[in-house]
Amino acid sequence: MSTFTTTSPRFLPVGWLRATLAGVEAVVLTWLAVASVALIAYTSTATAPQLGNATWTAALKIATGAFFLAFGQPIETSIGPISLAPSLLTLLVGLLSYAACRRLDGTGLRQLWCTGAGASAAAVMIGAIAGTGLRSLAAAVVAGIVAALGNLAAMGPEERALDSNEWNGHYRTVRRLLERLPGWMRRAVSEAIRGIWWLSLLGLAAFVAAVIAAWHRVSYATTGLSESVADTIAIWLAQLGYLPTAVTWAFGWLTGAGYSVGPVRFAPGQDATGLLPAVPILGAGPRSAWSMAMLLVPAIAVLALALWHNHRRGEETLSAASLKAVTVAVLLVAAAVLAAVVTSGAVGRGLLARNGVWPLHMLAFSLLAIALPYVLGTVLSHPATRTWIKGKAAKPATQPTAPAPQADEEEVAAMPDFLREDGDQLPKS
């Protein structure tokens, strides 16, 4: 018994098993959440025929399609392909993986591939049961990557430290490469992650404000689709799957990039004209033209973020602070463009073939509203810059005055006596 207890950890890597189960748990729970919403929608069809008349098996098939749609697999329908992914499901897999790894202590560099493999295997199993075959293989790989990122986020600071034992073995080469990077570059990544949270909260606040301001249009569209409490719950749960998409669109509107719902274009300073589909959440779009001054909101927020970062942990030299600011700004812009790509897609053919924020617009306006204020805020708030500005401002006041020119002896001799001063006496011969 004692021999088995001593040698069992060698043959039973408990940490790897826990990490694998964390990935499986994240995918299965996400699919069950989608299936529950589909069953609620199936129940609602009995009282709301306009929602459709589907069987429970068809409802679960739609749920499985929506699950794989969250990881990039389009759905073929009678109106055309649907590629606008329910981004909340994608985020949910990462969050559940994060929570499971924190609870089960299944984190670590060696366990990342276990979490990803478990999530991919669970997705392939769901696809096999649904009869999708190999079509779901690419989506399963994406699900595994999302789950592995959740495991990576669950790692504590001591596990991410370069002197941790987790970096031994196969990761020793990666550690050596990271150790050669300057310190400001490694710190830029953590600051960029905080910046992404700030910008996400800003987009969420803009979305909530838009829903409150246009609640009469949202409630009117909801009333037209629902005839019972179950209908309303099903409609809002289905829309909840696109919450990160709505937040990204709201943030794109704040930065000036705007977003499109088919032919209808929403952007500051521009009236949105055209018909919208009967989706309640789309009624929150700002129809009337707002002032272009709205672009100052994200710029001021990012400027405050730069000042806070520089006050909290600034770099000693101005060159290091500038390079770190540029790196953080590039990462923030890249995250905004990636969000625009993920939350764009088609809802059938024709008018709704292109929806969301155009990535090139997001790139251009993010450079103006995110990158430029962050770099300027970091550079202007650095102690070296403040010292230089104070020196420039104090230089004219402290500059010594030039001595008054002395009068020539001949000029003094020619002066009348009452104009001569005591120091202007002629030398005695």
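I started with cysteines: a search of the whole structure finds zero disulfides, a disulfide being a pair of cysteine sulfur atoms within 2.5 Å. Cysteine 101 counts as buried at 1% relative accessibility, and cysteine 114 counts as buried at 2%. Here buried means under 20% relative accessible area, exposed over 50% and partly exposed in between, with a 1.4 Å probe and protein chains only.

A note to myself on the source: this is a predicted model, where local features need pLDDT of at least 70, side-chain atom pairs count only at pLDDT 80 or more, and totals for chains, interfaces and linings use all residues. Residues are numbered from 1 along each chain as its sequence is written, and side-chain values use heavy atoms, with hydrogens and water left out.

Next I looked up a sheet. I found an open one of three strands, in the order E4-E3-E5, with antiparallel pairing. Its edge strands, E4 (264-266) and E5 (355-356), each pair on one side only. Strand E3 (residues 259-261) is joined to E4 by three bridges, and serine 260 stands opposite arginine 265 in E4. My terms: strands (E, at least two residues) and helices (H or I, at least four) are DSSP runs numbered from the N terminus, and two strands pair if DSSP finds at least two bridges between them.

Then I turned to helix H12 (residues 243-255), which lies across E3, E4 and E5 and runs at about 130° to E3. Axes are lines fitted to C-alpha atoms, for helices over the stretch in contact, with angles from 0 to 180 degrees between N-to-C directions.

Alanine 246 counts as buried, at 13% relative accessibility. Leaving aside neighbours within four places in sequence, alanine 246 is in contact with Phe207 and Ile281, contact meaning heavy atoms within 4.5 Å. Alanine 246 and phenylalanine 207 are 39 residues apart in sequence, yet 6.9 Å apart in space, C-alpha to C-alpha.
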